[in-house]
Amino acid sequence: MARPEQVLLLEPQHELKFRGKVDIRNHWLESPYAAFLCNRPFTDVVTTALKLANPTDRNVCFKVKTTAPRRYCVRPNSGVIDAGTSINVSVMLQPFDYDPNEKSKHKFMVQSLMAPPDMTDMEGVWKDAKPEELMDSKLRCVFEMPNENEKTHDIDSNKVMSSSLLKSESSTLSMKSMVSSLDDGEVKRIMEECKRLQMEVQRLREENKQIREDDGLRMRKSTVMTSQHSSPSSVTVKEESLSIRVIALIVLFFVIGVIVGKLLL
């Protein structure tokens, strides 16, 4: 007796494609094994997606099987798809040495079964299912090789990354050597100068704070007085004094920056 037609909608319908990558982890080295490394496109996990949709008004149980179970990791490989919903299955090809003779041996099968309304044990449902109740769809595996453009791009990207790492390490070592070349006396003198400047900055901050407090007190008093007795000239003098101190702070910070820059250089 022929099995019923598959009720699940599969995407893709007929084949699962796995696209290889160029193994360039050691390709930037001048190694006699470079050509061998470039011909191993499946040394990393390659994942493809399989979408299963249930267009019916009943829940459907499913299982995903393969002819090479050790070569693939499928998540989820079984379950229940509610009516009118879908699920995405991740099919992960594990790293292996590609053999063109094996490509026709890898196949997948999606098996499905209408779930009973009172289902409590899914494994029991599969065990008790009759052959005429089972539905299945078969998919073949397709292994795609990376083209020459991808090889060139990946190799160039790896060279650029390696060059950047080498430059970064060289810059770090150079900075360390310059700092270590300073004698103890010069370092001590610079540290003392920085400490003195920090104290000067703190003093100016306190003076600036005191000026602001005095200005605030005077402004509160001036609001009580009438506008006829206010003195515009005193306000101008205060603003000029505050501006001069702000400029002094800016110059001081500039000097600190120059000294710190000399220390780093």
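Predicted model: local features only at pLDDT ≥ 70, side-chain atom pairs only at ≥ 80, totals over all residues.
Start with Val 110. It stands opposite Ser 137 in strand 9. Strand 8 covers residues 107-114, and strand 9 covers residues 135-144. The two pair in the antiparallel sense, over six bridges. What holds such pairs together in general? Strands of a sheet pair through backbone hydrogen bonds, either parallel or antiparallel.

How many strands form it, and in what order? Five strands, in the order 2-9-8-4-6. The sheet is open, and its pairing is mixed. Which strands stand at the edges? Strand 2, residues 15-19, and strand 6. Each has a single partner strand, so one side of each is left without a neighbour in the sheet. From one strand to the next, the twist averages 25°.

Strand 4, residues 60-66, pairs with strand 6 in the antiparallel sense. That pairing runs over four bridges. Lys 63 stands opposite Ser 78 in strand 6.

Strand 6 itself spans residues 78-81. Which of its residues are on the covered face? Gly 79 and Ile 81. Ser 78 and Val 80 make up the uncovered face. Here is the general rule behind that. In a regular strand the side chains alternate between the two faces of the sheet.

Next, the aromatic rings. The model has nine aromatic pairs. Take Phe 96 and Tyr 98. Their ring centres are 6.4 Å apart, and their planes are at 70°. Edge-to-face means over 60 degrees, so this pair is edge-to-face.

Are these two residues buried or partly exposed? Phe 96 has 10% relative accessibility, so Phe 96 counts as buried. The cut-off for buried is under 20%. Tyr 98 is at 23%, so Tyr 98 counts as partly exposed.

Both belong to a cluster linked by ring pairs.

Last, confidence. The mean pLDDT of the chain is 76. Of its residues, 66% reach 70 or more. Where is confidence lowest? In helix 1, residues 34-38, at a mean of 45. Confidence is highest in strand 1, residues 9-11, at 97.

Two stretches need a mention. Over residues 26-38 the pLDDT is below 50. Beyond near neighbours in sequence, that stretch has 13 contacts in the model. Over residues 150-156 the pLDDT also stays under 50. There the model has ten contacts beyond four places in sequence.

Definitions and conventions. Residues numbered from 1 in each chain as written. Heavy atoms only, no water. Buried < 20%, exposed > 50% of the residue type's maximum accessible area, 1.4 Å probe, protein only. Pairing = 2+ DSSP bridges. Axes fitted to C-alpha atoms, helices over the stretch in contact; angles between N-to-C directions. pLDDT = per-residue confidence, 0-100. Contact = heavy atoms within 4.5 Å. Phe/Tyr/Trp six-rings, centres within 6.5 Å; stacked < 30°, edge-to-face > 60°.
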